[in-house]
Amino acid sequence: MESYDALLASISPTSGPTRTILDPATGEEVGEAPIHTLEHLEEAVAAAQSAQPTWAALGHDARSAALLKAADAVERSAEELARLLSREQGKPLNGPNARFEVGACAAWLRVAATTALEPETLVDDGETYAKLHYKPIGVVGAIGPWNWPMMITVWQIAPALRMGNAVVVKPSEYTPLSVLALIKVINEELPEGLLSVVSGGRGVGARLAGHPTIGKVMFTGSTATGKAIIKSSADTVKRLTLELGGNDAGIVLPDADPKAIAEGLFWGAFINTGQTCAALKRLYVHTDIYDAVCEELTNVAKAMPMGNGLDENNVLGPLQNKAQYSIVANLVDAARESGARLLLGGNPDTSQPGYFYPTTLVADIDNDNPLVAEEQFGPALPIIRYSTVDEAVEKANALDVGLGASVWSSDLHAAREVAARIQAGTVWINKHGAVDPRIPFGGAKQSGYGLEFGVEGLKALGVPQVING
């Protein structure tokens, strides 16, 4: 285990161009990130291609053992990693934030390592014998986001490595230090060249998506960038797993208990200060309990402290970057100007440093308002009134995205019936965004395609091969 300063120093470039990374809570310097070039990418891909066959030949048991040791290494450096993540991304140490994210990295490594994937006998009738196997793809490209930079990187690399692939990671330009540090720690238990990070700009990402040696690209981010990756990957017919933008709906049925669900609604919407693809971003509440839900949710939201992530008292932090701050502020301002009612927030203190936008709840808002129809990706939740369940389902399904959704009710059977009518990759009941490394996760419509996690996630990082005879 290294100290925080030693860990940061170990990933600091000693030569070449760099970019200064600033703390979104204070504006203070966190560290210098390398600006890698296409030449660096070529070196990383060549090293991965060289290391991969030996890694694949080790077999599942040996690869799983290495991933379990990598999980132990992450836990040994957990506090240092969490502190760096908090400073670079902005999320607080406590709550479902920085320490939680680092813990999830270890958990996902362990589940990827221990999930069984046996060859499947398809036909064995005395005349025909066919068995389905999964072989390594080769070199996988992993392109990650800035909101959960460590955790989502592990979502990509853990199953890829388990299945015998090498991986080249391209982190977001906003949060490269977190990923560089995480990969440095994981690499303590892996062969040289097998897993590397290329901290470059869009040109590096585009080349990674189109590189002839890369057999698969995993990407989490915006739908627009996902479409560009699809185009870049077409000439080499790459396999893709795309987890793209979402604008998740939650439907509160009339039999729900407003007080009982208020905290779950809050964290469904405001985890990571709302900067989560599968966060609750538009809430539909039946008119009979609309005012009560608004009141209870406001009471919970008022009690959640926001501030510098290194302050142990805070559970909400700043938006990670100025561009995202502007998106949230503009959407809330437009909602206010349209006549929507602000229950809480909407009044940022611009005299203080940091990209802090206050926790904001907006009621009496039209369903076609931009704050509802567009993904805000921040701490502002619109609450829309509905009269019939059919109306709520129609509105929930109206958009061209469908990552996650949720139904809130005291009647589990009724909730499941409504959930089955919603067009989304995952529909949670009486919770939202509760991903689990054992349960497949993926989007519908323009929220992407391909599955992550569990057995299906492992299969997605292999090439299916049927041996017939």
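**Ground rules**

I am working on a predicted model, in which local features need pLDDT of at least 70 and side-chain atom pairs count only at pLDDT 80 or more, while totals for chains, interfaces and linings use all residues. Residues are numbered from 1 along each chain as its sequence is written, and side-chain values use heavy atoms, with hydrogens and water left out.

**Entry 1**

I placed Asn272 in the loop between helix 10 and strand 11 (280–286). Helices (H or I, at least four residues) and strands (E, at least two) are DSSP runs, numbered from the N terminus. Asn272 counts as buried because its relative accessibility is 0%. The cut-offs are under 20% relative accessible area for buried, over 50% for exposed and partly exposed in between, with a 1.4 Å probe and protein chains only.

One of its polar atoms lies 2.8 Å from the backbone oxygen of Gln275. A polar contact is a pair of N or O atoms within 3.5 Å; within protein, one must be able to donate a hydrogen and the other to accept it, and residues adjacent in sequence count only if both atoms are side-chain atoms.

Thr273 is in the loop between helix 10 and strand 11. Thr273 is not a glycine, yet has a positive phi of about 55 degrees. Most residues other than glycine have a negative phi. At 2% relative accessibility, Thr273 counts as buried.

I noted a positive phi, near 50 degrees, for Lys445 too. Lys445 is in strand 18 (residues 444–445) and, at 35% relative accessibility, counts as partly exposed.

**Entry 1: salt bridges**

How many salt bridges does a search of the whole structure find? I got 20, a salt bridge being a side-chain nitrogen of Lys or Arg within 4 Å of a carboxyl oxygen of Asp or Glu.

I took Arg110 and Asp72 as one case; their closest N and O atoms are 2.5 Å apart. Arg110 lies in helix 5 (residues 98–114) and Asp72 in helix 3 (residues 60–76), so this pair ties together parts that are 38 residues apart in sequence. Both ends count as partly exposed, Arg110 at 25% relative accessibility and Asp72 at 34%.

Next I checked Arg421 with Asp390, a salt bridge whose closest N and O atoms are 2.8 Å apart. This pair links distant parts of the chain, 31 residues apart: Arg421 is in the loop between helix 15 (412–419) and strand 17 (426–429), Asp390 in helix 14 (residues 389–396). Arg421 is partly exposed, with a relative accessible area of 39%.

Lys395 and Glu391 also form a salt bridge, at 2.8 Å from N to O. They are four residues apart in helix 14, so about one helical turn separates them. Glu391 is partly exposed at a relative accessible area of 22%.

I also recorded a network of salt bridges that links Glu2, Arg76, Lys184, Glu188 and Glu189.

**Entry 2: the largest pocket**

The largest pocket holds about 1200 Å³ of space. Of the 40 residues that line it, Trp146, Phe219, Gly221, Ser222 and Thr225 are the closest to its centre. On a 1 Å grid over the protein atoms alone, a pocket is an open set of points where a 1.4 Å probe fits, with protein on both sides within 12 Å along at least five of seven lines; lining residues have an atom within 4 Å of a point. Grid points are joined across faces, edges and corners, and a volume is the space filled by probe spheres set on the points.

Helix 9 gives the most to the lining of the largest pocket, with six residues. By class, this lining has 18 nonpolar, 16 polar and six charged residues. Ala, Val, Leu, Ile, Met, Phe, Trp, Tyr, Cys and Pro count as nonpolar, Asp, Glu, Lys and Arg as charged, and the others, Gly among them, as polar.

**Entry 3: the second largest pocket**

I put the volume of the second largest pocket at about 340 Å³. Among its 22 lining residues, Trp148, Ile271, Thr276, Gly433 and Val435 are the closest to its centre. Helix 6 gives the most to this lining, with three residues. The lining of the second largest pocket divides into 16 nonpolar, five polar and one charged residues.
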